[in-house]
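User: Please take one part of this structure and look at it closely. Then tell me how that part sits in the rest of the chain.

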Amino acid sequence: MQNNLTTPHDYPGKLFVVEGIDGSGKTTQLGLLAKWLKSTGHPVFMTEWNSSALVKAATKAGKKKNALTPMTFSLLHATDFADRLLYHIVPPLKAGMIVLADRYTYTAFARDAARGVDRRWVRELYSFAVKPDLAVYFRVPIDVSVERLLARRVKLKFYEAGLDMGWSSLPVESFRMFQGKVLEEYDRLVEEFGLSVVNAVGSITDQQRVFRRLVSQHLQIEHDEELVDESA
Amino acid sequence: MSPLEGSYFSYGIPYLPMESYPGKLIAIEGTDGVGRSTQIALLREWLEVQGYGVVETGWTRSELMQPTIDLAKSSNTLNKLTFVLLYATDFADRLEKVIIPALKAGFIVLTDRYIYTAIARAGVRGVDRGWIRNLYGFAIVPHLVFYLRIDEKTLIRRVLQSRGMDYWESGMDMKLGDDIYESFRAYQRVLLKEYSSMADEFGFRVLDAKRKVEVIQDELRRQIAAFLAESTAHPAFSRAGEPG
């Protein structure tokens with residue numbers, strides 16, 4: 001079949017996605033981007049990974065019983081994604097809106113492969129997805145990510161920390177091992193899918209400046225925003 | 001090249017390599033109301049009397065997904081793609097937690113429907129046929145697949161005589177006809193055509209399901225007995241269980 005994920009879409013709207021592990025700051029960056037886009041008069045629609053009502057119940061049940069295998073984890077997220085794609089992503093794109101996605105298919109590619117699911121299979125699984133106009137990967141070393149998460153005193157989530165893999169019973173140690181593998185997978189994806197990489201160690205404002213510059217290449221936006229570097 | 005019985009259809013599940021497991025996987029396929037469960041109950045009895053351990057499994061029976069699928073069916077908001085994926089999730093759960101462990105332990109697994117039903121239903125709903133086959137590439141090729149073939153007329157009478165027509169079995173979501181009867185007829189017609197088109201591709205052993213229960217059962221037993229005799233007589237030459 002035609003692989004939609006690698007074929008540019010022809011909807012009037014734009015799809016921008018952010019990718020990166022927990023603690024990379026991608027959600028903060030996407031929030032700031034949305035503020036800017038709205039202030040310039042662009043209608044924006046936000047969508048998050050793993051958030052459709054239908055699948056939330058099953059994911060929760062599976063998580064509670066610790067019953068998800070790498071395959072069922074993968075398929076549940078694909079189900080959720082299909083639901084959101086058809087109800088929350090394609091309609092705003094058809095309406096000419098800007099869709100901002102906090103994580104996209106690349107999250108599945110990275111995590112599922114880190115869990116031992118076949119890379120080719122999961123790519124074909126998501127071949128119905130719409131190709132983003134821009135996918136930005138916020139790359140962060142594992143130490144920085146862990147430091148940020150611990151500083152925020154957030155409890156590491158079971159699957160985020162890869163505790164289902166049984167590599168370590170210590171959440172922080174498990175997180176390091178699992179997300180370390182996820183980072184390796186992301187590095188493969190950068191080239192394969194042409195992700196734009198932002199160094200997520202720099203200041204929030206610097207990163208946002210780079211992010212806005214990348215996005216503005218896809219939009220007609222005046223470059224007089226004070227954050228945007230004139231020399232760019 | 002078609003994959004070997006007892007191995008994965010395609011890419012498979014890398015973290016669960018399929019070795020030469022002693023169990024056998026036997027699928028009974030056929031549309032709604034064709035008499036699959038009756039045949040399976042009789043087969044189980046017959047196999048157990050002979051001393052074979054039997055595990056039964058079906059479609060949509062996993063603990064993980066049952067509530068979600070029920071919810072989805074009742075709320076009627078599901079589109080075809082999410083439906084297909086929910087069923088695949090359910091199947092993956094059963095494959096890893098029921099089917100593979102049973103095959104490892106040497107059971108004969110009798111499955112009431114298998115991936116073919118999902119593939120046929122998705123096909124008639126316009127889901128890409130290549131995509132759905134890749135999706136189920138993690139499934140295990142059964143050692144035997146029996147397809148209970150029936151014509152639409154006989155099927156309608158049988159279903160009406162037993163439990164009546166149901167919304168989903170009538171494909172009401174596809175809006176093929178104004179009333180449930182018209183819809184059932186139109187839906188089952190295209191579904192039966194889809195199953196038939198898959199017979200060669202997946203090596204179905206086609207059985208005429210218009211005949212009496214006992215006659216069908218006899219034929220099933222003859223074929224299964226022959227298969228079991230061959231695989232126990234020449235285990236080393238059996239194609240079953242070789243890694244894909």
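Analyst: In helix 8 of chain B, three residues are buried: B:I216, B:L220 and B:I224. They lie on the same side of helix 8 of chain B, because the arc they cover around the axis is only 50°. This is a predicted model. The other side of the helix reads differently. There, B:E214, B:V215, B:D218, B:R222, B:A226, B:A229 and B:A233 are exposed.

Helix 8 of chain B covers residues 213-233, which is 21 residues. At 1.5 Å a residue, the helix should span 30 Å, and the end C-alpha atoms are 30 Å apart, so the two agree.

Now the chain around it. Chain B has eight helices and five strands. From the N terminus on, their order is β-α-β-α-α-β-α-α-β-α-α-β-α. The radius of gyration of chain B is 18 Å, close to the 18 Å that the globule rule gives for 244 residues, so the chain is as compact as a globular protein of that length. Along the principal axes, the C-alpha atoms fill a box of roughly 55 × 40 × 35 Å. Of the 244 residues of chain B, 44% count as buried.

Next, the core. In soluble globular proteins, nonpolar side chains tend to be buried together. Here the largest nonpolar core has 126 residues. Those with the most contacts inside it are B:V84, B:A88, B:V109, B:I119 and B:Y136. Helix 3 of chain B gives this core its largest share, 13 residues. Take B:A88. Leaving out residues up to four places away in sequence, B:A88 touches B:A118, B:L135, B:Y136 and, from the other chain, A:L75.

That last contact leads to the interface. In all, 28 residues of chain B are in contact with 26 residues of chain A. On the chain B side, helix 2 (66-75), helix 3 (80-104) and helix 5 (129-135) are the elements that give two or more residues. Helix 3 of chain B gives the most, with nine residues. By class, this side of chain B has 17 nonpolar, eight polar and three charged residues.

Terms used:
Residues numbered from 1 in each chain as written. Chains lettered and ligands numbered in written order. Predicted model: local features only at pLDDT ≥ 70, side-chain atom pairs only at ≥ 80, totals over all residues. Contact = placed C-beta atoms within 7 Å. Helix = DSSP H or I, 4+ residues; strand = E, 2+ residues; numbered from the N terminus. Nonpolar A, V, L, I, M, F, W, Y, C, P; charged D, E, K, R; others polar. Rg over C-alpha atoms; globule rule 2.2 N^0.38 Å. Buried ≥ 20, exposed ≤ 12 C-beta atoms within 10 Å, placed from the backbone. Core = buried A, V, L, I, M, F, W, Y, C linked by C-beta atoms within 7 Å. Expected span 1.5 Å × (residues − 1). Arc of directions from axis to C-beta.
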